[in-house]
Amino acid sequence: MEAVTTILRRELAGYFATPVAYVFIVIYLVMNGVFTFYLGGFFERGLADLEPFFRFHPWLYLFLVPAISMRLWAEERRAGTIELLLTLPVTTGQAVLGKFLAAWLFLGLALLLTVPIWVTVNYLGDPDNGVILAAYAGSWLMAGGMLAIGSCMSAVTRSQVIAFILAVAACFVFLLSGLPMVMNVFSGWAPQFLLDGIASMSFLSHFSDISRGVIDLRDLVYFVLVAGFWLLANVIVLELRKAD
Amino acid sequence: MIEVKSLSRHYGHLKAVDDLSFTVEPGQVLGFLGPNGAGKSTTMKMLTGFLAPTAGSARVNGHDVVTDSLAARRCMGYLPEGAPSYGEMTVLDFLLFVARARGIPAREVHTACERVVDRLNLAGVRHQVIDTLSKGFRRRVGLAQAIIHDPAVLILDEPTDGLDPNQKHEVRKLIAEMASDKIIVISTHILEEVQALCNRVMIISQGRQLADDTPAGLIARSRYHNAVTLVADDVRRIASVLSEFPEVARAEVKEGELTVFPAGVGLFDAVSRSVAEHGWAVSELRYEAGRLDEVFRMITQGESA
């Protein structure tokens, strides 16, 4: 655990030592504002809730989370520091977890900085704050799931651009599984249980459940499992191809 | 102590390291010498637990580098090729990170960092971002992180590559200071470095061990060992006189220099005496200990210079 914390602290400090953190947070907040107030019609709806805010989070994360995850391992490979990191007395699993948690905390911080919108909606009306809290938790969990996918994709290559594209593509499939665009590929030849399985993989449906305020243990378990699966895959990818 | 038993690493059909076996005892400074791509770095990556061997095993202080990897890594310090470090961090932050990751107790972390900062003369740049440092400083930062936990075994991959002569001298001095109680393994393709630093040399080429000797032992394999070279105006006439001597096996003239090779020993006295007797106008007369570059070529390419 100590090794994980040490790596986590270094990574987290790394975001703020470069402009990455500031650029990301500013863009994230601006885009959130644009989506909520223009596309979401926050004022026009006349409802005291944050649905127009959370509705666009999956799409925002689709591009912004891979932007954070792409450098996690690709940069270590490019700079050669992977050789330094993985010859320290830390296991590959500890390194993967430390880096993931740092990035996840960072995304959590960016999410936390949207609190003014929660203040606004409470000032204007009388929203159900329990639902809002659940939606915040759901949004962070979904970001974690995508981050784990992106982290694994980043371990595959030394090019951050390739890591970014692979992560966006993989997250896109996970986001939309359940919608016709993905299901049509499988329906017709895949057995029903597989179709059901794929449909139940969708980030969108699990997130919308949580953001409506229904905290179902299955939704939480789903995101934890997705993150766990991809982080495990991340460790295996690193173990198999450390050197190249 | 490092014990390596028939260590091999294959990349597809390429045998990067092929059946390497050796042991290293404390106090030894072992130099891996070999052309580029000989398998020096791959061997070091396996010793430090970064790469898994295809076959064979390696133990560091009794810990197997595969099955007991973390314990083996704890007693090793490693400077990877090119001294990679996290460029966006300051020198001190980077050293603090390595110290913590190495499991140095929290209250000793700062003293450990200050010790290596002093030792490598990094005090002036301790708060500077690593990316802004010169190559020499970055190399020193790499060495600092390798010795921060005072390891029993130091693995240094090309520690002086790309440094200027003064920096090379400094790094060599540092390694020599640490050599007495540690095991140090360095890789290099610089011959003079081996003579300056190591008390044992392994020549590796195409993943195979071709020689394992002391630097003096290697030099003694040179055909120039104990030969005498002289420079004069009329080397051909001198050559014909000297080649009559019983001590002289052969005389060779090359680019105005005459080299006489001994049949036994004690050639230098005989040559210098006859120079005096004949009154030859000799501008240079020198004893040859042997030429390491010639031995290196002979061993790695199977040719003699």
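Biologist: In chain B, what percentage of the contacts with a separation of 6 or more comes from residues 24 or more positions apart?

Modeller: This is a predicted model, in which local features need pLDDT of at least 70, side-chain atom pairs count only at pLDDT 80 or more, and totals for chains, interfaces and linings use all residues. Residues are numbered from 1 along each chain as its sequence is written, while chains are lettered from A and ligands numbered from 1 in the order in which they are written. Two residues are in contact if their C-beta atoms, placed from the backbone, lie within 7 Å. Under that criterion, the share in chain B is 64%.

Biologist: What mean pLDDT does chain B have, and what is the ipTM of the complex?

Modeller: The pLDDT is the predictor's confidence in each residue, from 0 to 100. In chain B, 99% of the residues reach 70 or more, and the mean is 88. For the complex the predictor gives a pTM of 0.89 and an ipTM of 0.89.

Biologist: Which element of chain A has the lowest mean pLDDT?

Modeller: Chain A as a whole has a mean pLDDT of 90. Helices (H or I, at least four residues) and strands (E, at least two) are DSSP runs, numbered from the N terminus. Among the elements of chain A, α8(A) has the highest mean, 96, and the lowest, 76, belongs to helix α12 (residues 180–186).

Biologist: What percentage of the residues of chain B count as buried?

Modeller: Chain B has eleven helices and 14 strands, and its C-alpha trace spans about 75 × 45 × 30 Å along the principal axes. A residue is buried if 20 or more other C-beta atoms lie within 10 Å of its own, exposed if 12 or fewer, and partly exposed in between, with C-beta atoms placed from the backbone. Of the 305 residues of chain B, the buried share is 41%.

Biologist: In the largest nonpolar core, which residues touch the most other members?

Modeller: A nonpolar core is a set of buried Ala, Val, Leu, Ile, Met, Phe, Trp, Tyr and Cys residues joined through C-beta atoms within 7 Å. The largest such core has 136 residues, and its largest share, 14 residues, comes from helix α10 (residues 129–156) of chain A. The members that touch the most others are L95(B) and A144(B).

Biologist: Which elements are included in what covers the buried residues of α1(A)?

Modeller: Helix α1 (residues 2–17) of chain A has 16 residues and reaches 22 Å from its first C-alpha to its last, close to the expected 22 Å; the expected span is 1.5 Å times one less than the number of residues. Its buried residues include A3(A), V4(A), I7(A) and L8(A). Their cover includes α2 (20–39) and α8 (92–112) of chain A, together with α3 (91–101) of chain B.

Biologist: Which element gives the largest share of the side of chain A that touches chain B?

Modeller: Across the interface, 19 residues of chain A are in contact with 21 residues of chain B. Two or more residues on the side of chain A come from each of α1 and α7 (81–85). The largest share, five residues, comes from α1(A).

Biologist: In β4(B), which residue stands opposite V4(B)?

Modeller: Two strands pair if DSSP finds at least two bridges between them. Strand β1 (residues 2–11) of chain B runs antiparallel to β2 (residues 14–24) over seven bridges, and V4(B) stands opposite F22(B) there. β1(B) also pairs in the antiparallel sense with β4 (residues 55–60) over five bridges. In β4(B), the residue opposite V4(B) is A58(B).

Biologist: Why does S6(B) count as partly exposed?

Modeller: S6(B) lies in strand β1 of chain B and has a positive phi of about 30° although it is not a glycine. S6(B) is partly exposed because the number of other C-beta atoms within 10 Å is 13.

Biologist: How many other C-beta atoms lie within 10 Å of that of R200(B)?

Modeller: R200(B) is found in strand β9 (residues 200–205) of chain B, and among the residues it touches are Q28(B) and T214(B). R200(B) is classed as partly exposed, because its count of other C-beta atoms within 10 Å is 19.

How values were computed: Lists of a residue's contacts leave out its neighbours within four places in sequence.
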